[in-house]
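Q: I'd like to learn how to read a model like this one, feature by feature. Could you walk me through it?

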Amino acid sequence: MSRPLTIAEISEAVRSGKMTARKITETTLDILKQQDSSIHSVTKLLAKEALAQADAIDALRSAGKPLPPLAGVPFGVKDLFDVAGHVTTAGSIVLNDTLPAKQDAPVVKRLKDGGAILVATLNMDEFAYGFATENSHYGTTFNPRDTSRMAGGSSGGSAATVAAGFLPLALGSDTNGSIRVPASLCGVWGLKPTFGRLPREGAYPFSASLDVVGPFAANLSDLATAFHVMDGTPAAPEPKISDLRIARLGGWFATNLTSSCQKALDRACDALDVKQTVELPEVAIARACSFLITAAEGGNLHLPRLRRVAAQYDPATRDRLLAGALLPADTYLQAQRFRRWFRDQVHALFREKADVLIAPSVMCEAPRRDDPTVMVDGKSVSARAYLGLYTQPLSLPGLPVLAAPLINPDGLPLGLQLVAAPGKEASLFAVARELEKSGVCGYSKPELACL
Amino acid sequence: MTDSREENSLLVRARAKALDIDLSPDCLPGVLNNTALLTDFTRLLQQHHFVDTCEPAGEYEP
């Protein structure tokens with residue numbers, strides 16, 4: 001089975017007639033059927049709809065009509081996006097009795113309108129509450145770089161399927177790091193756009209104050225292409241790298257890193273000739289507030305169902321949501337006040353000191369699945385609770401963050417976050433392009449045992 | 001806030017009752033553990049001084 005790997009190659013193959021959209025779709029479905037058992041990234045194949053859409057693309061070409069930009073590009077979605085005719089599970093069985101979605105989520109529709117072909121829904125932590133993609137209903141997703149390692153979560157199926165080379169594009173959602181953490185552990189590119197920039201209607205909610213949706217891709221160009229189709233805007237001109245003030249985040253973001261991660265970050269900063277280090281204030285409280293707001297809003301969202309069918313939830317999800325539902329209103333309101341204060345501090349930093357900030361997205365390589373721990377402050381602690389150490393504080397101000405796969409010559413992929421002021425995704429793409437060009441970021445497809 | 005596990009258990013069960021949640025014995029230990037984590041985060045947040053004019057983010061624009 002062979003098929004072009006990238007969005008650019010696939011759309012060009014279809015446009016030129018080198019391959020039909022049907023052939024690409026059939027090959028992709030075969031790959032997923034035969035090889036996904038090695039990583040468990042897929043929850044449902046959508047073969048019938050995908051082949052019908054592929055035939056429509058091929059008919060357009062046969063009729064000599066112009067093809068949309070993503071013609072024939074297969075993609076998958078985290079199992080919380082509405083797909084017309086299917087029940088949106090959000091990684092749970094709790095919603096199984098709800099009616100099938102009447103229409104695709106707007107971002108899914110935009111990609112389909114752009115010619116991309118939806119072939120599968122992808123695994124996730126139940127209701128997106130986790131960093132592991134260990135799902136008691138749909139199984140555990142493995143990291144394709146080393147299947148004994150965690151893929152990260154909650155959009156782990158999306159990151160893993162792209163990292164494995166099964167799909168060139170997948171959608172996820174990010175509340176506290178659910179795009180950035182799995183992208184980094186699996187060695188792919190991910191984008192958490194500015195809060196509110198992409199429509200999140202039709203994506204099953206978790207925390208209304210923090211949820212965003214975004215893409216994963218195996219290379220930066222594909223990530224940017226997908227983002228602009230999802231955004232419904234032409235690609236904005238990217239600023240010159242020499243015009244950008246780039247700074248490294250110190251303090252909180254410079255502690256608890258493994259030596260490999262420290263060295264990889266140093267290489268990235270050297271490649272960009274970064275001289276300035278800046279600090280954000282009260283980062284520990286910012287992380288606490290992301291945690292508290294998520295718990296309270298998630299708990300509130302699920303409370304009516306928890307009263308009726310608590311036993312249907314994964315016990316770990318249930319207990320987190322119940323604790324969140326019990327948080328006092330005072331705590332939630334204080335956290336929202338802090339959110340406003342922190343946002344003002346961050347905006348001031350962008351006005352006065354920097355255009356793009358660099359921070360790690362994880363402190364280490366993907367933890368082992370049989371020992372899901374990380375080291376924080378000299379102690380071995382739960383990876384599930386601490387993998388978001390660097391992503392959670394940056395969720396709070398709603399900034400756009402690009403997760404870049406940081407090459408680790410000593411082992412498995414690491415990750416960095418490029419952070420910009422709201423709406424400045426183009427600056428992130430400019431800096432990321434430089435990192436990709438300099439060879440410090442970006443991985444190719446791994447050799448899975450089954451391939 | 002109290003540090004005693006037993007008192008925390010009473011507090012959690014009282015809050016649950018006020019919200020009409022039936023906390024089964026199966027879930028009580030997990031809820032208590034998660035509540036302890038959230039309590040730690042709340043204590044951290046309480047160290048921050050707010051001016052009275054700092055409003056909750058509410059209609060939030062990044």
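**Reading the model, feature by feature**

A: Let's start with one residue: D377(A) is exposed, because its relative accessible area is 61%, above the 50% cut-off. Keep in mind that this is a predicted model.

Q: Where along chain A does D377(A) lie, and what is its phi?

A: D377(A) belongs to the loop between strand 12 (373-376) and strand 13 of chain A. Its phi is positive, about 50°, although D377(A) is not a glycine.

Q: While we're on the backbone, which residues does a cis peptide bond join?

A: For that, you check omega. The bond between G153(A) and S154(A) is cis, with omega about 10°. S154(A) sits in the loop between strand 5 (139-140) and helix 5 (156-163) of chain A.

Q: Now for empty space. How do I find it?

A: Rolling a probe the size of a water molecule over the atoms shows where empty space is left. Here, the largest pocket comes out with a volume of about 350 Å³. There are 17 residues in its lining, and the closest to the centre are W252(A), R287(A), D377(A), Y386(A) and F41(B). So D377(A), exposed at 61% relative accessible area, turns up again among those central residues.

Q: Which elements supply at least two residues each to the lining of the largest pocket?

A: Chain A brings helix 9 (283-309), strand 13 (379-382) and helix 12 (383-386), while chain B brings helix 2 (28-46). Helix 2 of chain B gives the most, with four residues.

Q: What about cavities: how many of 30 Å³ or more does a search of the whole structure find?

A: The difference to keep in mind is that a probe fits in a cavity but cannot get out, whereas a pocket is open. The search turns up four cavities of that size, and the largest cavity holds about 150 Å³ of space. Lining the largest cavity are 13 residues, with Y129(A), G130(A), F131(A), N176(A) and Q392(A) nearest its centre.

Q: How does the lining of the largest cavity divide by class, and which domains does it draw on?

A: By class, the cavity lining has five nonpolar, seven polar and one charged residue. Domain 1 (7-231) and domain 2 (241-438) of chain A each contribute at least three residues to the lining of the largest cavity.

Q: Let's move to aromatics. How many aromatic pairs does the structure hold?

A: Eight, over all chains. To read a pair, look at the distance between ring centres and the angle between planes. Take F127(A) and Y313(A): the ring centres are 5.5 Å apart and the planes stand at 40°, so this pair is tilted.

Q: Which parts of the chain does that pair link?

A: Distant ones: the two residues are 186 residues apart. F127(A) is in the loop between strand 3 (117-122) and strand 4 (134-135) of chain A, and Y313(A) is in the loop between helix 9 and helix 10 (315-325) of chain A.

Q: Which charged residues lie over rings?

A: Two cases to look up: R369(A) has its charged end over the ring of F142(A), 3.6 Å from the ring centre. R320(A) lies over the face of Y129(A), at 5.6 Å from the ring centre. Y129(A) is also one of the residues nearest the centre of the largest cavity.

Q: One last thing: how do I read sequence separation against distance in space?

A: Compare the two values for a residue pair. T27(A) and R3(A) are 24 residues apart along the chain, with 7.0 Å between their C-alpha atoms. T27(A) lies in helix 2 (residues 21-35) of chain A and is buried, with a relative accessible area of 5%. P182(A) and L272(A) are 90 residues apart in sequence, and their C-alpha atoms are 24 Å apart. P182(A) lies in helix 6 (residues 180-186) of chain A and is buried, at 0% relative accessible area.

Methods: Residues numbered from 1 in each chain as written. Chains lettered and ligands numbered in written order. Predicted model: local features only at pLDDT ≥ 70, side-chain atom pairs only at ≥ 80, totals over all residues. Heavy atoms only, no water. 1 Å grid on protein atoms, 1.4 Å probe; cavity = no way out; pocket = protein on both sides within 12 Å on 5 of 7 lines; lining within 4 Å. Points joined across faces, edges and corners; volume = space filled by probe spheres on them. Nonpolar A, V, L, I, M, F, W, Y, C, P; charged D, E, K, R; others polar. Domains from an automatic or database assignment. Phe/Tyr/Trp six-rings, centres within 6.5 Å; stacked < 30°, edge-to-face > 60°. Lys NZ or Arg CZ within 6 Å of the ring centre and 35° of its normal. Buried < 20%, exposed > 50% of the residue type's maximum accessible area, 1.4 Å probe, protein only.
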